[in-house]
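Let's take a walk through this protein, starting with a strand and ending up in a pocket. Here it is.

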Amino acid sequence: MSWTIAPEPVDSPVAAALWRAYYTEVSDRWYLLHEGRRTDPDELEREIAANTGDRLAPPRGRLLVARYDGEPAGSAGVRLVDATTAELKRVFLLPQARGRGGAALLVGAAEDAARALGAGRMILDTRGDLVEARALYARLGYTETEPYNDDPYAEHWFSKNLAGGTSGEDLQGP
């Protein structure tokens, strides 16, 4: 059983399926916590259509797909905010792939992609209820910072200096 992580076109069927799974999970989690219901299907379709992932496409971004034993298992995106800062987006593993070390590998590959784009710092935002994500980022050396955006769902902001080596992933690709 092994992990591979590679760039993926943002408009591929694999990217679309993983984005749908990601958005469904984080949206349902928010609505269940705050309103006691799952995401309205029409809203889900509108949000998926409105957030295609184009900001994660080259030349200023990169979408990575993690595969476990060759099967798509998760994704993460990176986009340049400015010449030296990248933002980590959409870190996600399918439920059946969790607990196998893939999240740390995926974030490490995203850091390598950010370095390849010229970034020396990675930033991200997340919600308070995504406790697993916050714990992962802290474990990987991210520190909580002041807000850098006004996203209505962002409740925690993190940053990490990317100076230094790589995690070993070769990120040649589309």
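β5 and strand β7 (residues 156–161) pair in the antiparallel sense over six bridges. Strands here are DSSP E runs of at least two residues, helices are H or I runs of at least four, and both are numbered from the N terminus; two strands pair if DSSP finds at least two bridges between them. This is a predicted model, with local features needing pLDDT of at least 70 and side-chain atom pairs pLDDT 80 or more, while totals for chains, interfaces and linings use all residues. Residues are numbered from 1 along each chain as its sequence is written, and side-chain values use heavy atoms, leaving out hydrogens and water.

β5 also has β4 as a partner, running parallel and joined by three bridges.

| Residue in β5 | Opposite residue |
|---|---|
| I123 | E87 |

Five of the six residues in β5 are buried (under 20% relative accessible area, 1.4 Å probe, protein chains only).

Now for the largest pocket. Its space comes to about 1,300 Å³, and α1 (13–35), β4 (85–93) and β5 (121–126) are among the elements giving two or more residues to the lining. α1 provides the largest share, nine residues. A pocket is an open set of points on a 1 Å grid where a 1.4 Å probe fits, with protein on both sides within 12 Å along at least five of seven lines; lining residues have an atom within 4 Å of a point.

Methods
Points joined across faces, edges and corners; volume = space filled by probe spheres on them. Buried < 20%, exposed > 50% of the residue type's maximum accessible area, 1.4 Å probe, protein only.
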